[in-house]
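Visitor: I would like to learn how to read a model of this kind. Please take me through it feature by feature.

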Amino acid sequence: MNDSVPTPRRVPVDDVLACITDRHRRAVLSVLQDRTAPISTEELATTTAATLAGKSLVDVTHEERDRVHVRLHHAHLPKLDDAALVEWDVDDGTVAGADHPAFNVESIRRMLDIDADGADAALRAIQPARRRVALSVIESATDIDREALARRVASRERGMQSAPDSDAADVLVSLVHTHLPSLEQAGLVEVDGETVSYVGHPELDADWLDIGPAVTVQPGREMPDTWAIEGRDDIVSRGQSLFERADEELFLLITTDGLLDEGCVSRLADALDRGVDVYLGTQSAGVRDLVREELPAVVIWEPQLDWMNLPPEREKVGRLVLADREAVLLGTLGEPIAGGYREMALTGEGPDNTLVTLLRQLLGDRLDHLDAQSEDFLEQLPL
């Protein structure tokens, strides 16, 4: 009997994007998302044809259904099945949606409903992870010099505050000769001499730029509505999705500098614009200065207990996000690596979720009085 813990595996996002750059395949996945049982390829063809044409099922002609059916069988279903995005039983002639970890990423789920001019080209352009990083930097900076862009991309890829000059030089070559021309051709950026400007796509949100290079599958470790995440990119992506979904309140703990990147700041600003109350606890002067400068509407409080200084041989809390008291992300910082730490996190959602319930009980009714900034009140917070 093998009692070993299954090894987590990384599922490349690039492979997923390669499949959903085609409008027909996005339509197929969108149709299957809401299905709990397999459907026949004929029914899938009819529903997909109706989705693509924007008409009701009864208005789909036999010719339209048959044309889509042929393309499904010979082109789209083989690609989707190979990528494990659908479960296709060729012998039975049925197709079902697959439980692929990429569908846990909100921005990828939203991509499935994209049906706009130029969307296919835009999605193809962002398939390589380096382009997504570059676009995220350009979008946050508005206009940026190519060399500055290369330095920031190299730093993000290495997870460092400042990457070596040799790395930045290599990134600059790939940007100039490969990535920026592709992004410009897709209409996502403008290059004027040494300056790069963000254009984007009118019907695509900017958050799809921050999808990490891979999503992590933790075999045998998932619980219903609770799962483990490994790696900074996936953890940041999950945290940002919680920022986006919050309707009323975001409660955050950030223990050290470098955990609030530009994408996080941008999404917190959006949350504030939506009327979400944002509360952030930290003992880091750097984090406090960043938030006060970029997000002055955030309520900042300083934890009174020294909850960050755990024994050096142990992992320590890195970040906590509690969204509307119904979804949580709790991340830890492990051993130092270049420019940061190895990160792990647990995340769960639902009002009755075990992890959510634990945090609500830990914080207690003090969550209802976070705007009471008296010293006596802050000393009552159990963190």
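Visitor: How many residues does helix α10 have, and what distance does it reach from its first C-alpha to its last?

Guide: Keep in mind that this is a predicted model. A helix can be checked by comparing its end-to-end distance with the span expected at 1.5 Å a residue. Helix α10, residues 232–245, has 14 residues and reaches 20 Å, close to the 20 Å expected.

Visitor: Is α10 mostly covered or mostly exposed?

Guide: A residue counts as buried when its relative accessible area is under 20%. By that cut-off, ten of the 14 residues of α10 are buried, and the helix is mostly covered. The buried residues are D234, I235, V236, S237, R238, G239, Q240, S241, L242 and F243.

Visitor: Which residues of α11 are buried, and what do they pack against?

Guide: An α-helix has 3.6 residues a turn, so residues three or four places apart point the same way. In α11 the buried residues are G263, C264, V265, R267, L268, A271 and L272. They pack against α10, β10 (249–254), β11 (277–281) and α12 (285–294).

Visitor: Back to α10. Is R245 buried, partly exposed or exposed, and what does R245 touch?

Guide: R245 is found in helix α10. With a relative accessible area of 32%, R245 is partly exposed, because that class runs between 20% and 50%. Leaving out residues up to four places away in sequence, R245 touches R238, R274, D324, A327 and E349. For separation along the chain, look at R245 and E106: they are 139 residues apart in sequence and 9.5 Å apart in space, C-alpha to C-alpha.

Visitor: Where does D324 lie, and what is its phi?

Guide: D324 lies in the loop between β13 (316–323) and β14 (327–337). The backbone angle to read here is phi, near 55 degrees, a positive value in a residue other than glycine. D324 is partly exposed, at a relative accessible area of 23%.

Visitor: Which residue gives another positive phi although it is not a glycine?

Guide: A84, with a phi of about 65 degrees. A84 is found in the loop between α4 (62–82) and β3 (86–89). At 41% relative accessibility, A84 counts as partly exposed.

Visitor: At what angle do helices α2 and α3 pack?

Guide: For a helix pair, read the angle together with the distance between the axes. Helix α2 (residues 23–33) and helix α3 (residues 41–53) pack at about 115 degrees, with their axes 9 Å apart. The crossing is right-handed. On α2 the contact is made by R23, H24, A27, V28, V31 and L32, and on α3 by L44, T47, T48, T51 and L52. These residues divide into six nonpolar, four polar and one charged.

Visitor: What does S40 touch, not counting residues up to four places away in sequence?

Guide: S40 is found in strand β2, residues 39–40, and touches G93 and T94. At 25% relative accessibility, S40 counts as partly exposed.

Visitor: Which residues does L346 touch?

Guide: L346 lies in strand β15, residues 340–349. Beyond four places in sequence, L346 touches W227, A228, V328, L329, L330 and L355. L346 counts as partly exposed, at 37% relative accessibility.

Visitor: How many helices and strands does the protein have, and what percentage of its residues is buried?

Guide: There are 14 helices and 15 strands. Buried residues make up 46% of the 383 residues. The protein exposes about 18,900 Å², of which carbon and sulfur atoms supply 47%. Among contacts between residues at least 6 apart in sequence, 61% join residues at least 24 apart.

Technical notes
Residues numbered from 1 in each chain as written. Predicted model: local features only at pLDDT ≥ 70, side-chain atom pairs only at ≥ 80, totals over all residues. Heavy atoms only, no water. Axes fitted to C-alpha atoms, helices over the stretch in contact; angles between N-to-C directions. Helix = DSSP H or I, 4+ residues; strand = E, 2+ residues; numbered from the N terminus. Left-handed = near helix turned anticlockwise from the far one by under 90°. Contact = heavy atoms within 4.5 Å. Nonpolar A, V, L, I, M, F, W, Y, C, P; charged D, E, K, R; others polar. Expected span 1.5 Å × (residues − 1). Buried < 20%, exposed > 50% of the residue type's maximum accessible area, 1.4 Å probe, protein only. Areas by Shrake-Rupley, 256 points an atom, 1.4 Å probe, with all protein chains shown as cover.
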